[in-house]
Amino acid sequence: MGPIFEAVLRFFEDDRWNAAQLDGEPVLSMSVAGQNGQWRCVAKSREEQQQFIFYSVCGTPAPEDRRQAVAEFVARANFGIVIGNFELDFNDGEIRYKTSIDLEGVAPAPALIKNLVYANVRMMDRYLPAITQVIEGHASPQAAIASVES
């Protein structure tokens with residue numbers, strides 16, 4: 001596939017993740033269970049651009065009538081985050097956390113991949129209960145963020 005994908009695949013195998021390659025693409029999919037829930041993750045190498053991207057995808061999409069509130073939550077959560085960011089797809093309500101790295105001129109070392117992956121998973125696990133509160137209408141975006149960041 002390419003050196004980035006091979007390094008990513010080797011990392012997940014060595015770290016004992018149960019990752020499956022998607023349709024011969026340089027993409028891996030896996031399930032993650034954190035302290036606050038379960039979700040799907042996607043690891044994608046972009047060989048031509050020399051990039052690696054890792055996503056944690058929230059298992060519950062935002063319903064159409066809650067997307068504005070979730071968008072506010074995402075904006076509030078992203079303010080001040082140093083590594084990665086939350087994203088909301090307004091078309092289908094998918095919520096995900098993204099971390100990525102440009103590997104141009106850099107070997108895709110296991111430590112780089114590990115730091116990027118684990119920073120991502122920790123953030124989704126930390127914010128997942130607050131996301132759920134906003135999706136279900138049990139908390140305002142501001143209150144949900146305060147519950148995580150206080």
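The structure is a predicted model, in which local features need pLDDT of at least 70 and side-chain atom pairs count only at pLDDT 80 or more, while totals for chains, interfaces and linings use all residues. Residues are numbered from 1 along each chain as its sequence is written, and side-chain values use heavy atoms, with hydrogens and water left out. Helices (DSSP runs of H or I, at least four residues) and strands (runs of E, at least two) are numbered from the N terminus.

**Aromatic residues**

- Nine aromatic pairs turn up in a search of the whole structure. Rings of Phe, Tyr and Trp (its six-membered ring) pair if their centres lie within 6.5 Å; planes under 30 degrees apart count as stacked, over 60 as edge-to-face and the rest as tilted.
- F12 and W17 make an edge-to-face pair, with 5.1 Å from centre to centre and 75° between the planes. F12 and W17 are both buried, where buried means under 20% relative accessible area, exposed over 50% and partly exposed in between (1.4 Å probe, protein chains only).
- F86 and Y127 also form an edge-to-face pair, at 5.2 Å centre to centre and 65° between the planes. Because F86 belongs to strand β5 (residues 85–88) and Y127 to helix α3 (residues 110–135), this pair ties together parts that are 41 residues apart in sequence. F86 and Y127 are buried.
- One aromatic cluster is made up of F11, F12, W17, F54 and Y118.

**Nonpolar cores**

- A nonpolar core is a set of buried Ala, Val, Leu, Ile, Met, Phe, Trp, Tyr and Cys residues joined through side-chain atoms within 4.5 Å.
- The largest nonpolar core has 44 residues, of which F12, F52, F54, F73 and Y127 touch the most other members. Helix α3 gives the largest share of this core, 12 residues.
- Another core, of five residues, lies apart from the largest one and includes V27, I53, Y55 and V57.
- Leaving aside neighbours within four places in sequence, Y127 is in contact with F73, A77, I81, F86, I145, V148 and E149. Contact means heavy atoms within 4.5 Å.

**Helices α2 and α4**

- The axes of α2 and helix α4 (residues 141–149) come within 9 Å and cross at roughly 35°. Axes are lines fitted to C-alpha atoms, for helices over the stretch in contact, and angles run from 0 to 180 degrees between N-to-C directions.
- The contact involves A69, E72, F73, R76 and A77 on α2, and P141, Q142, A144, I145 and E149 on α4.
- Six residues of this contact are nonpolar, one is polar and three are charged. Ala, Val, Leu, Ile, Met, Phe, Trp, Tyr, Cys and Pro count as nonpolar, Asp, Glu, Lys and Arg as charged, and the others, Gly among them, as polar.

**Single residues**

- G59 sits in the loop between β4 (51–57) and α2 (67–78). With 60% relative accessibility, G59 counts as exposed. G59 and G37 are 22 residues apart in sequence, and 9.0 Å separates them in space, C-alpha to C-alpha.
- S29 is part of strand β2 (residues 27–34), and S29 is buried at a relative accessible area of 16%. Neighbours within four places in sequence aside, S29 is in contact with N18, A19, A20, L22, R40 and C41.
- K114 belongs to helix α3 and counts as partly exposed at 42% relative accessibility. K114 and V8 are 106 residues apart along the chain, with 9.2 Å between their C-alpha atoms.
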